[in-house]
Amino acid sequence: MQMSLQVLATLAWRNLWRNYRRTLIMLAAIILGVWAMIFMTALMRGMVDGVVSDGIKYLPGHAQIHHPSFRDDPSVEHAIKNLSPELLAALKQPGITGWSARVKVPGMIASERDSRGIMLLGVDPAQELTVTFSADDIVEGRFLESSADTGVVVGRKMLEHLETKLGRRIVLMSQTPDNDVGDRGFRIVGVYRAGQSSQEEMYVYAGREVVQKMIGIGPAVTELSVIGNDYRNLSPWLEQLQTAAGGNLDVAGWRELDNYLSLALTMQDSIGLVMTLLIFVVLSFGLVNIMAMAVFERVREIGLMQALGMQPRAILVQVLIEGLYLLVLGLCIGNGLAWLSLQPLAAGIDLSIIAEGADMYGLGTTLYPSLKPVDMIQSTVLVIFLGLLASLLPAWRAARLDPIRALNEH
Amino acid sequence: MASVSCKDLRKTFSQGETTVIGLDGVSLDIEKGSFMCLSGPSGSGKTTLLNAIGGLDTPDSGEISIGGERIDQLAKSDLADMRLHNIGFVFQAYNLIPVLTARENVEFVMQLQGQSVEQRRELSTSILEEVGLQGMEDRLPTQLSGGQQQRVAVARAIVSEPQLVLADEPTANLDSKTSTQLMDLFWQLNERRGITFVIATHDARVMSYCRRIIRMVDGQIIADENQAGGPGNAD
């Protein structure tokens, strides 16, 4: 077979351009299909990446460590009294880019005009900035300066609800371990923005030591939030954290902590695959038709080649090579076009015009298309595999032609 | 030993509800180096016999041997292999591969046989020169006349030096001058290379070239005649 591959490849290539109009139309269809497949996958991946990374950024981090009962009953009774040296050492391993020990308790915020239920986060700002906040998130004022800072940082939406403003005082309340209410007055020192307005309404940041004192829990914290360098791949360090924590603490990745986000990611991967399959099913009808026509028009020729001693399997391979040429050409151009058309969008697509709708789905105001080599490789392999499968029927028919009948075909 | 041996070949075809007899007990030995023709009216069975000898069609019963090897029971792929190495075909309608040049058409069989590029180039150059097509090696079939296309087909049939060349009405689409040139070429190749030629024809001019004429009617051999043959015989 090796000896005839060269002649098969030559024949396949020249046959492809015998009816160049038909070939170009099919090629255009494949290019368009591949472009749509890659472009849509990049948009969808960008969208889900945005939802997931925003979701992770403002709440769980990539993993969290709690008292074993905290997730069932998130009260201050289930706080972590101290962090073991093994755990602190495990938090320094490569792959972990930051962590923050927080007091995270449900509470209430009240201004002179309104009051709201919130999630109060007592944080050490130096640690928190490695996990959630960046300087750009503060839109007014400043972030906390130390864990003893007596100021409070609230979201833009919360500020609107409370009908108050930067510099004014508010009161924070939360339950103590003795089932009393601990409260304290705070001055609003900063206003932050988040990718999703629900986060701006929910989370209020205060100094960790101040919150610990307010609710009387000493140096205990309720949550450790950990950030790694790739939210899709936690396994290199998560297991080591679990080992270091032993049975005394509960170490969980974000997928376990937030089923919605985990589902979103799984759905994105599944939708991408389904989209690829759907587009290809449409394309495959055209491909089968093209290959069937190509065989139908060359019945005599195929009979001749058989008469001259060409093996049926070589004829099958020749037709498959024709299909392969079409697919590879279409994939190369389609992938290239998709990559090129995504370049002007690399700075992000402004979704502010549909901000409220986007917010409902957890989307930020900017969508960053994300094209990963794995998406291109996956669709390329899939399209070639399915394309060859679609070409197999006409190729098989060609290989089974009877040379005498084929030679007498008019 | 005969180059080709056929024993009691029988073949029928179904055409709607009727059965047509293609071969009716044909037995025939063809010696190596023969230059012979199968003649007879349309439907006499000459093309059916040619196809059976060439392994393109399988008889319903009987035996066919080429070079002492039975071919009537070979599988499809083995038959293809046998044709590739033993038989050259020349068809009435030239049957060149339209996307290949004259040289590539000639080299096609050698490529299937796995011959090297140098071997192919050397043989195709000399054979195209021998059939009078030097300078036309890179032309596509559409750029050649009917006679030139048939010469390419002949070059393709003989380039790998098969035991046997089977030609089915090779002059049917050619004018008389080109037909004569083609038969002269066949004759020279038979004389120079000793290739066995079996030609199915009902053209008297072609028959006059042959040393042996098998006359067929209704799938049976009715006469087996020998003559001097050759170009001189055609005048």
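This is a predicted model: local features need pLDDT of at least 70, side-chain atom pairs count only at pLDDT 80 or more; totals for chains, interfaces and linings use all residues.
Strands, like helices, are taken here as DSSP runs numbered from the N terminus, a strand having at least two residues.

Most residues other than glycine have a negative phi. B:Glu161 also has a positive phi of about 50° without being a glycine, and its place is the loop between α5 and β7 of chain B. Are these residues buried or exposed? B:Asp8 counts as partly exposed because it has 13 C-beta neighbours inside 10 Å, while B:Glu161, with 11 such neighbours inside 10 Å, counts as exposed.

**A buried phenylalanine**

B:Phe35 belongs to strand β3 (residues 35-39) of chain B. It has 21 C-beta neighbours inside 10 Å and so counts as buried; the cut-off is 20 or more. Which residues does B:Phe35 touch, once its neighbours within four places in sequence are left aside? They are B:Trp187, B:Asn190, B:Phe197, B:Cys210, B:Arg211 and B:Gly229. B:Ser3 lies 32 residues from B:Phe35 in sequence, with 12 Å between their C-alpha atoms.

**Helix α5 and its surroundings**

Helix α5 (residues 146-158) of chain B has 13 residues, which should span 18 Å at 1.5 Å a residue; its end C-alpha atoms are 19 Å apart, so the two values agree. This helix is mostly covered, with 10 of its 13 residues buried. Among them are B:Gln149, B:Arg151, B:Val152, B:Ala155 and B:Ile158. What do the buried residues of α5(B) pack against? Their partners are β6 (87-90), α3, α4, β7 (164-168) and α6 (176-193) of chain B.

Two packed helices are described by the angle between their axes and the distance between the axes.

| Helix pair | Angle between axes | Distance between axes |
|---|---|---|
| α3(B) and α4(B) | about 130° | 10 Å |
| α3(B) and α5(B) | roughly 25° | within 8 Å |

From α3(B) come B:Ala102, B:Arg103, B:Val106, B:Glu107, B:Met110 and B:Gln111, meeting B:Arg120, B:Leu123, B:Ser124, B:Ile127 and B:Leu128 of α4(B). The classes here are six nonpolar, two polar and three charged.

**Where chain B meets chain A**

How many residues does each chain put into the contact? Chain B gives 18 and chain A gives 19. On the chain B side, α2 (76-86) and α3 each supply at least two residues. The largest share, six residues, comes from α2(B). The chain B residues that touch chain A divide into nine nonpolar, five polar and four charged.

Methods: Residues are numbered from 1 along each chain as its sequence is written. Chains are lettered from A and ligands numbered from 1 in the order in which they are written. Axes are lines fitted to C-alpha atoms, for helices over the stretch in contact, and angles run from 0 to 180 degrees between N-to-C directions. Helices (H or I, at least four residues) and strands (E, at least two) are DSSP runs, numbered from the N terminus. Two residues are in contact if their C-beta atoms, placed from the backbone, lie within 7 Å. Ala, Val, Leu, Ile, Met, Phe, Trp, Tyr, Cys and Pro count as nonpolar, Asp, Glu, Lys and Arg as charged, and the others, Gly among them, as polar. A residue is buried if 20 or more other C-beta atoms lie within 10 Å of its own, exposed if 12 or fewer, and partly exposed in between; C-beta atoms are placed from the backbone. The expected span of a helix is 1.5 Å times one less than its number of residues.
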